[in-house]
Amino acid sequence: MSSACLNDRHATGLDETGGLAHIGRMTTTLETGPETEVLISGGGFAGLALAIALGRAGLAVAVVEPARATGTESAFDGRVSSIAPDVRRMLTGLGVWARIPESQSVSDIVVSGGTVGGAASPFFLHFEREDGGAPPFDMVENRFLQAALRATALDVPGLRLIDGARITEVATIPGRIAATLSTGETIAAPLLVAAEGRDSPLRDRFGIKTAGWSYGQWGIVCTVAHERPHEGVAQEYFLPSGSFAILPMTGNRASLVWTEREDLAKAVMALDAADFAAEVARRFTDYLGAVTPLAAPSAWPLALQLARDYIAPRFALIGDAAHVVHPLAGQGLNLGLRDAAALAEAVVDAGRLGLDIGGMAPLEAYQRRRRIDATLMAGMTEGLNRLFSNDAAPLRAVREAGLGLVNAVTPLRRFLARAAGGTELGEAPRLLKGEAL
Ligand SMILES: Cc1cc2nc3c(=O)[nH]c(=O)nc-3n(C[C@H](O)[C@H](O)[C@H](O)COP(=O)(O)OP(=O)(O)OC[C@H]3O[C@@H](n4cnc5c(N)ncnc54)[C@H](O)[C@@H]3O)c2cc1C
């Protein structure tokens with residue numbers, strides 16, 4: 001899971017002239033099976049969103065996903081995600097949002113510094129909704145979003161979901177990539193997309209290197225019930241060993257994303273239920289009254305990881321396969337869905353012009369559009385994490401003054417809020433503006 005193991009490369013590259021090229025353990029003779037226009041490896045958030053967008057635009061798409069649909073996906077695993085307004089517009093346009101049974105609008109985000117059990121710093125940053133406009137974001141349980149994407153995908157003609165399989169071999173054949181699945185089936189397509197998450201094997205297979213490092217922190221996630229209503233306000237406390245975000249959910253519930261140094265996180269995860277509840281209460285302060293964890297916490301190791309390229313001949317990376325950022329700004333999933341919007345637009349536009357949908361022109365257009373956004377977000381979250389995950393007194397003074405300053409400088413505050421909403425960083429893809437592809 002660490003970025004170290006992600007630099008293990010064994011691919012030799014692709015032969016764009018159409019000859020048969022060797023990639024990893026590729027076979028030299030190949031019987032191609034069915035054809036599709038876009039083959040997607042990974043049926044998570046980014047992969048399914050891309051598949052739906054392309055399928056609804058009339059392209060034939062296949063999605064290969066190792067997990068098997070069991071029919072029990074509705075169990076809550078404690079994970080909740082913030083959905084930015086532009087991504088919500090895309091999900092609405094694709095018919096996904098209407099299938100999400102419940103979500104919580106966030107009316108304000110209050111960011112403050114502090115110490116465990118101490119009072120919040122008097123310096124804080126507000127990202128309230130502006131001029132009665134859209135709220136900064138919505139909170140959605142991951143299981144609801146995943147189920148809504150899957151149910152929508154099942155209804156799209158020309159979209160094939162292949163569960164319980166993965167791609168084991170790839171080869172180029174004239175104008176296409178042929179992928180052999182673990183089931184033995186071979187599927188050929190002009191474009192192959194990896195949406196396999198942070199440990200993407202295809203990214204390695206295509207020789208795309210990554211840059212990054214482990215944060216030495218874990219994100220501990222837990223849902224709690226609290227006494228008083230949250231009024232839709234999200235709180236983010238910057239404590240010395242990391243951020244402690246309280247994200248409102250429906251009812252008197254909140255999702256905690258508690259970033260902690262790895263050694264301390266291991267100790268926290270080893271606590272029994274009563275001691276864990278006491279540690280949560282100490283960090284929560286009293287503003288929502290008594291808090292009760294609703295389930296055992298889960299934890300994820302945190303890393304920064306950026307792919308050096310998002311594309312190779314007839315191949316593209318989207319989502320966490322392309323970039324992993326610190327969760328303190330709740331932007332990883334949003335970045336991945338923006339990738340899906342941009343790649344879908346590049347592919348569909350190329351197809352309409354009669355161009356090769358897997359050719360370098362649409363792929364380069366996609367990469368130009370998306371790499372800068374993910375890199376800026378990685379830099380912003382990296383800087384905030386460095387500034388705040390530190391208890392040195394001079395840094396504490398600087399960061400507290402810094403938060404007050406940012407709040408006072410309205411245009412900067414607006415820029416940061418809009419950047420988080422995806423509306424400030426260049427011309428947005430049509431799907432993110434709520435338009436049809
Ligand atoms: C603690 C924490 C809190 C977070 N909170 C937020 C938030 O509030 N908002 C936000 O925007 N983001 C948040 N994120 C980030 C977000 O969860 C990720 O960015 C997002 O899940 C990435 O989506 P994805 O589809 O790219 O990858 P994934 O969700 O990792 O999906 C990858 C898919 O590929 C499949 N797969 C795996 N291996 C293979 C293979 N070999 N072949 C084919 N398929 C494969 C997997 O089964 C899975 O279905 C958070 C992250 C953490 C750790």
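This report describes the overall fold, the aromatic pairs and the ligand surroundings of a predicted protein model.

Because the model is predicted, local features require pLDDT of at least 70 and side-chain atom pairs count only at pLDDT 80 or more, while totals for chains, interfaces and linings use all residues. Residues are numbered from 1 along each chain as its sequence is written, and side-chain values rest on heavy atoms, with hydrogens and water left out.

**Overall fold**

The protein contains ten helices and 21 strands, taken as DSSP runs (helices H or I of at least four residues, strands E of at least two) and numbered from the N terminus. Of its 437 residues, 51% count as buried, a term that stands for under 20% relative accessible area, with exposed meaning over 50% and partly exposed in between (1.4 Å probe, protein chains only). Among contacts (heavy atoms within 4.5 Å) with a separation of 6 or more, 74% involve residues 24 or more positions apart. The accessible surface comes to about 17,700 Å², and carbon and sulfur atoms hold 56% of it; such areas come from the Shrake-Rupley method with a 1.4 Å probe, and for residues only the protein chains shown count as cover.

**Aromatic rings**

The whole structure holds five aromatic pairs, where rings of Phe, Tyr and Trp (its six-membered ring) pair if their centres lie within 6.5 Å, and planes under 30 degrees apart count as stacked, over 60 as edge-to-face and the rest as tilted. Phe 206 and Phe 315 form a stacked pair, because their ring centres are 3.9 Å apart and their planes stand at 5 degrees. Phe 206 lies in the loop between α4 (201–205) and β13 (210–226) and Phe 315 in strand β20 (residues 315–317), so the pair ties together parts that are 109 residues apart in sequence. Both Phe 206 and Phe 315 are buried. Elsewhere, ring pairs join Phe 244, Trp 258, Phe 276 and Phe 284 into a cluster.

**Ligand surroundings**

There are 28 residues around the ligand, of which Glu 65, Arg 79, Ser 82, Asp 320 and Leu 333 come nearest; a residue counts as near if one of its heavy atoms lies within 4 Å. At least two residues of this shell come from each of α1 (45–56), β2 (61–65), β3 (80–83) and α7 (332–352). The table lists polar contacts (pairs of N or O atoms within 3.5 Å).

| Residue and its atom | Distance to a ligand oxygen atom |
|---|---|
| Ala 46, backbone N or O atom | 3.0 Å |
| Glu 65, polar side-chain atom | 2.7 Å |
| Leu 333, backbone N or O atom | 2.8 Å |

Taken alone, the ligand exposes 1,000 Å², and the protein buries 83% of that.

Notes: Polar contact = N/O pair within 3.5 Å; in protein donor to acceptor, adjacent residues only side chain to side chain.
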